[in-house]
Amino acid sequence: MQHTGIKTWAGRLGRKILDTLYPRICLACGSRVKSDDAQFVCPACLEKIIFIGDSGCRKCGAKVGPGAEDNTRCLACRDSTLIFRRCRAVGMYDGPLRELIICFKFRGNQLAGIDLGRWLIERQGGEAGGTLPDAIVPVPLHRLRKKERGFDQAEFLARHVSGKAGVWLENMLERIRDTEPQTSLPPTRRLKNVKGAFALKRDAKIVGKRILLVDDVMTTGATLAECSRVLKAAGAADIECLVLARTTYV
Ligand SMILES: [Zn+2]
Ligand SMILES: [Zn+2]
């Protein structure tokens with residue numbers, strides 16, 4: 001009994017020393033986080049994140065506004081031509097979630113990537129025990145962009161999902177054209193911007209497979225739709241998408 005008490009006390013002291021020597025900072029707002037906290041974002045920021053999960057549109061994963069009568073499909077998706085079956089999103093691209101994604105994607109902070117990767121599994125919604133896909137495929141960066149950034153954020157996230165779900169990650173796609181960032185373009189030009197930008201790798205085995213396509217952010221869905229078109233044309237049986245964040249509030 002006494003030993004347990006000493007251990008707990010020593011553990012607390014150890015964490016206090018760690019907190020002093022290596023203060024942990026919330027990656028979204030910069031405030032201090034206790035070292036025994038499991039995540040890299042402070043409780044106040046966590047509270048501010050608008051998680052979507054199961055409450056999103058059944059087609060595009062967007063947060064459905066409070067005025068909507070049912071949450072099966074958002075208004076934009078009533079006559080949507082998006083080719084994938086559905087997309088799930090962890091949360092809204094706003095506030096601390098947006099900060100964390102920027103920290104991970106543009107500043108290469110992989111600690112942020114660890115929290116984000118975990119949420120991608122834990123907060124995506126979906127039925128427990130639902131069927132697993134046959135392969136997890138990340139939306140690829142162009143090789144020049146990857147070289148410049150030093151890593152591929154969608155691949156990092158997809159690897160995390162693959163490890164947790166026990167499903168192979170298969171880099172079947174490559175970006176053959178270095179497109180302009182979708183966020184810099186008006187929605188009407190986004191489809192054209194990514195048209196023909198992706199190709200299937202020569203050794204990809206895809207016929208009859210159910211694919212989970214992973215990316216960091218979905219805006220209009222043009223990139224995911226174009227990747228889905230390539231995968232479907234090559235014989236994929238089903239495509240579901242999973243992203244960290246959706247930008248629109250429908
Ligand atoms: Zn914070
Ligand atoms: Zn929708």
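The model is predicted. The protein chain holds 8 helices and 8 strands. Of its 250 residues, 38% are buried. Among contacts between residues at least 6 apart in sequence, 71% join residues at least 24 apart.

**The parallel sheet**

- An open sheet is built from 4 strands, with parallel pairing. The strand order is β3-β8-β7-β4.
- The edge positions belong to β3 (86–92) and β4 (135–138). Each has a single partner strand, so one side of each is left without a neighbour in the sheet.
- From one strand to the next, the twist averages 20 degrees.
- In a regular strand, side chains alternate between the two faces of the sheet.

- β3 and β8 run parallel and are joined by 6 bridges. Within this pair, A89 has V243 in β8 as its bridge partner.
- β8 pairs with β7 in the parallel sense, over 8 bridges. Here V243 in β8 stands opposite D215.
- P138 stands opposite V214 in β7.
- Which strand is largely enclosed by the rest of the structure? It is β8, because 7 of its 9 residues are buried.

**Helices α3 and α4**

- Helix α3 (residues 95–105) packs with helix α4 (residues 110–122). Their axes are 8 Å apart, at an angle of about 130 degrees.
- That angle makes α3 oblique to α4. The crossing of the two helices is left-handed.
- On the α3 side, the contact involves L100, I101, C103 and F104. On the α4 side, A112, G113, D115 and L116 meet them.
- By type, the residues of this contact are 6 nonpolar, 1 polar and 1 charged.

**Residue D94, between β3 and α3**

- D94 sits in the loop between β3 and α3.
- Is D94 partly exposed or buried? D94 counts as partly exposed, because 16 C-beta neighbours lie inside 10 Å; a buried residue needs 20 or more.
- How far apart in space are D94 and T248? Their C-alpha atoms are 9.7 Å apart, although 154 residues separate them in sequence.

**Residue V33, in β2**

- V33 belongs to strand β2 (residues 32–33).
- V33 has 19 C-beta neighbours inside 10 Å, so V33 counts as partly exposed. The cut-off for a buried residue is 20 or more.
- Beyond its neighbours within four places in sequence, V33 is in contact with R24, I25, C26, F40 and C42.
- V33 and P43 are 10 residues apart in sequence. From C-alpha to C-alpha, these two residues are 8.5 Å apart in space.

Terms used
Residues numbered from 1 in each chain as written. Chains lettered and ligands numbered in written order. Predicted model: local features only at pLDDT ≥ 70, side-chain atom pairs only at ≥ 80, totals over all residues. Pairing = 2+ DSSP bridges. Axes fitted to C-alpha atoms, helices over the stretch in contact; angles between N-to-C directions. Parallel < 35°, antiparallel > 145°, perpendicular 65-115°, else oblique. Left-handed = near helix turned anticlockwise from the far one by under 90°. Contact = placed C-beta atoms within 7 Å. Nonpolar A, V, L, I, M, F, W, Y, C, P; charged D, E, K, R; others polar. Buried ≥ 20, exposed ≤ 12 C-beta atoms within 10 Å, placed from the backbone.
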